[in-house]
Amino acid sequence: MELINYILKILTFPGAFLKAFLEQLACRMYEVPIEFGRYFQKNELCGHVEHLLAPKKGSFGICFLPHIIMLFCGLVFTIPAALNLVYLGKINYFGIIFLYVGISCLLNLFPLIEDSLNMWEHLYGKESKATAISKICLFIPTVIMRAGSYLEHYFVTVLTTAAFVWSVPYLFTLFIK
Amino acid sequence: MAVAKEHTPDNELEKLIESLPGEEIPIDVNPDGDDKIPLDPETGLDPEQLESELNDLKDLVQGEIDKMLEKNPDAEWTDIVKEAKEDKKNRKNKGNVKLCEVCGENEVAEDEQYCEHCLDVMKHYPFSWWKYLIPILAVVLIFLALSYFAINFSVFKGTVSANKLIKAHKLDSALSAYDKLNAEIKVTDENFGGKYLRYQVDLYEELGIDHYDDALKFIEKYFEGSKIDRSYNKDVKAFRDKIKSYEKLYEKFNTAYNGAASYDDFVKEFDSLVSVADYDTAHILYYKYYAANVMGEDISVMRKNVEEIKKVSPESKTLYLPLLAEISLNEGKYDDMVKYADELAQVNKESPYVALYKSIAYRFKGDLVKAAKACNDGLAVTPANSLLNYQMGIISLLQGKQKEAFSFASTAYEQADTANAYVSAASLYSLCAQLLGETEVNESIIMETSQYGYPISDQVQKIIDGDLTIEDVFLKGKGDFAWN
């Protein structure tokens, strides 16, 4: 599993680097101590930075901030490439590069399972001190990130990303007359 | 030992030595001046070795004492001894103290790993210089991706719109949309996507034989050279070969038709010239239908050929449905004409034959309103179509709108693209001109048609003379199709 994860991170290194950078940035923003700042390690932490579990203040932020930026980057790169490559069959260097970078971003979208569980505990655990408004407003993104962390851990996001790339042009056609 | 005696009383030294770790070494009890230690006959110890070890120990102790004195030069000897004992005690206990995992110096609680100082450093873990390139590259790529999207979106949008027109069975509008897009792409980057071109080839296939010339030009332009031989373009190549074989078949048809005295002779000669393996069967049957039509064969022969086309090539609706409608018109089965026109509309709503056959059927059924509506629907798509303008001219004439009829007849005459359409339009145009007193126009029509060797129908003059009414010609019997 670790070997497959490592190989996948190598293959999607643009997304892995960006994700790890954003995680490190989020850790600094929320003052979460980082134990080891190397982005590529031959273990399950490959593509992430090794840090202590975040306290209440940063538990949601260090999961959500990298996730939302990676999602934005993934969509920005994938959509134009998919429209041209998949729907029009137009092959050029830009399209291929953007598709590759976009897919690598989408395959490095979610936090580690430990971080997502930590976030969940701080928000909805027995000893949670989160307000009701926070719990309601953050429920959907929290569930998405928690589910996504498992999907990414077991490489299911490879399939979901492929399906997204294939279907996004046809989704766009629904909004064009 | 002499050194030890310089600094401490004997009992203090003994106590110090007792407190040091390791074996107890017996103190030299020999009288002064006697440096040699006798070899103990019981233990067998070498006196020289023993002396050497004792000297080493002496140096060690002296070194430790010197260190302590350096630390605290004014300390009393008792304080130094106390401190030495404390150090010894601490060395024994030191294995149970937890130290920071990073610095290894500061003590931390049992349940912690890092000291405060190290935690503070870890909270501000620095970025290596090269990591700053990551966000910079990301921003640059985002900018490029958004530009790429903006540049190419119009082509994508246009293609989606054109494909939606195809799904709505508006094939002519889809073709116009693609023509515009092709011109736009030619100006921007000339990169025509493979699937984009395939959509158009599929469109031409659906449009049928009426667009074979345009289809061939399109394929030769965008699939030039070895591109058409690539495995993923094999369908395009097959379609191109089909069009070319259709054109070759026309030459065979001409050869067989020119030498044939009857339809049966034609069929015999035609079958000897073509083989089913080299040519599309539907095309072969189509030419047989055409020969039967021009040679005046019975309707049943024509119907047989067309039904055979439907059987061998059910997907070629744009080929056999207009022929079936034509046969139904000859048989006077106007409801069937409408039925076939509606079936054709499910393939291409904008085909002129849909409006044409509906208009004729409703006209002969006496429903001029529906006939006019059907014709206008067709003219909305192809306003310059000669046949539709001709039909609308007839309907206007029947409705008493002579000026409108004149206008439609004029367009039909100018846009006529076949001999039959030209002759019919010329006759109608001449009739309308005479009814409106446009003598000069009428004279120019007669002169032009004479030059081409096509006389105006004699029924025009009969209408003008009052021997026939407009209704007699256009509503009864075979209608305007008999006036050539």
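Is B:Asp377 buried, partly exposed or exposed, and what is its relative accessible area? B:Asp377 is partly exposed, with a relative accessible area of 43%. The model in which this residue is described is a predicted one.

**The salt bridge of B:Asp377 and others in chain B**

B:Asp377 forms a salt bridge with B:Lys373, at 3.1 Å from N to O. Both residues belong to helix 17 of chain B (residues 368-381), and because they are four residues apart there, about one helical turn separates them. B:Lys373 is exposed, its relative accessible area being 53%.

Salt bridges that share partners also join B:Arg303, B:Glu307, B:Glu331 and B:Lys333 into one network. B:Lys333 counts as partly exposed, at 39% relative accessibility. B:Glu331 likewise counts as partly exposed, at 29% relative accessibility.

A further salt bridge is formed by the side chains of B:Asp342 and B:Lys358, at 2.7 Å from N to O. This pair links distant parts of the chain, for B:Asp342 lies in helix 15 (residues 334-345) of chain B and B:Lys358 in helix 16 (residues 352-364) of chain B, 16 residues apart. B:Asp342 counts as partly exposed, with 33% relative accessibility. Over all chains, the count comes to 14 salt bridges.

| Salt bridge | N to O distance |
|---|---|
| B:Asp342 and B:Lys358 | 2.7 Å |
| B:Asp377 and B:Lys373 | 3.1 Å |

**Chain B as a whole**

Chain B contains 23 helices and zero strands. Of its 484 residues, 38% count as buried. Among the contacts in chain B with a separation of 6 or more, 54% are between residues 24 or more positions apart.

One of the helices of chain B is helix 20 (residues 419-436), whose 18 residues reach 26 Å from the first C-alpha to the last, close to the 26 Å expected at 1.5 Å a residue. Helix 20 of chain B is largely enclosed by the rest of the structure, because 13 of its 18 residues are buried. Just after this helix, B:Gly437 takes a positive phi of about 80°.

The size of an interface is often given as the accessible area lost when the parts come together. Between chain B and chain A, the buried area is about 3600 Å², and carbon and sulfur atoms give 69% of it. On the side of chain B, the residues that lose the most area to chain A are B:Tyr125, B:Tyr148 and B:Phe156, which together account for 20% of what that side buries. The contact takes 38 residues from chain B and 42 residues from chain A.

Which polar interactions are counted between chain B and chain A? There are 17 residue pairs in polar contact, both residues being at pLDDT 80 or more. The count of salt bridges between chain B and chain A is zero.

The elements of chain B that give two or more residues to the side touching chain A are helix 5 (116-123), helix 6 (133-167) and helix 8 (194-207). Helix 6 of chain B supplies the largest share of that side, 20 residues. By residue class, the side of chain B that touches chain A divides into 23 nonpolar, nine polar and six charged residues.

**Two sites in chain A**

Helix 2 of chain A (residues 13-29) has 17 residues and reaches 24 Å from its first C-alpha to its last, close to the 24 Å expected at 1.5 Å a residue. Just after helix 2 of chain A, A:Glu31 takes a positive phi of about 55°.

A:Glu152 is placed in helix 8 (residues 139-153) of chain A. A:Glu152 is buried, with a relative accessible area of 9%. A polar atom of its side chain lies 2.9 Å from the backbone nitrogen of A:Phe110. Leaving aside neighbours within four places in sequence, the contacts of A:Glu152 include A:Lys9, A:Leu107 and A:Thr157.

Key:
Residues numbered from 1 in each chain as written. Chains lettered and ligands numbered in written order. Predicted model: local features only at pLDDT ≥ 70, side-chain atom pairs only at ≥ 80, totals over all residues. Heavy atoms only, no water. Contact = heavy atoms within 4.5 Å. Buried area = accessible area lost by both parts, 1.4 Å probe. Salt bridge = Lys/Arg side-chain N within 4 Å of Asp/Glu carboxyl O. Polar contact = N/O pair within 3.5 Å; in protein donor to acceptor, adjacent residues only side chain to side chain. Nonpolar A, V, L, I, M, F, W, Y, C, P; charged D, E, K, R; others polar. Buried < 20%, exposed > 50% of the residue type's maximum accessible area, 1.4 Å probe, protein only. Expected span 1.5 Å × (residues − 1).
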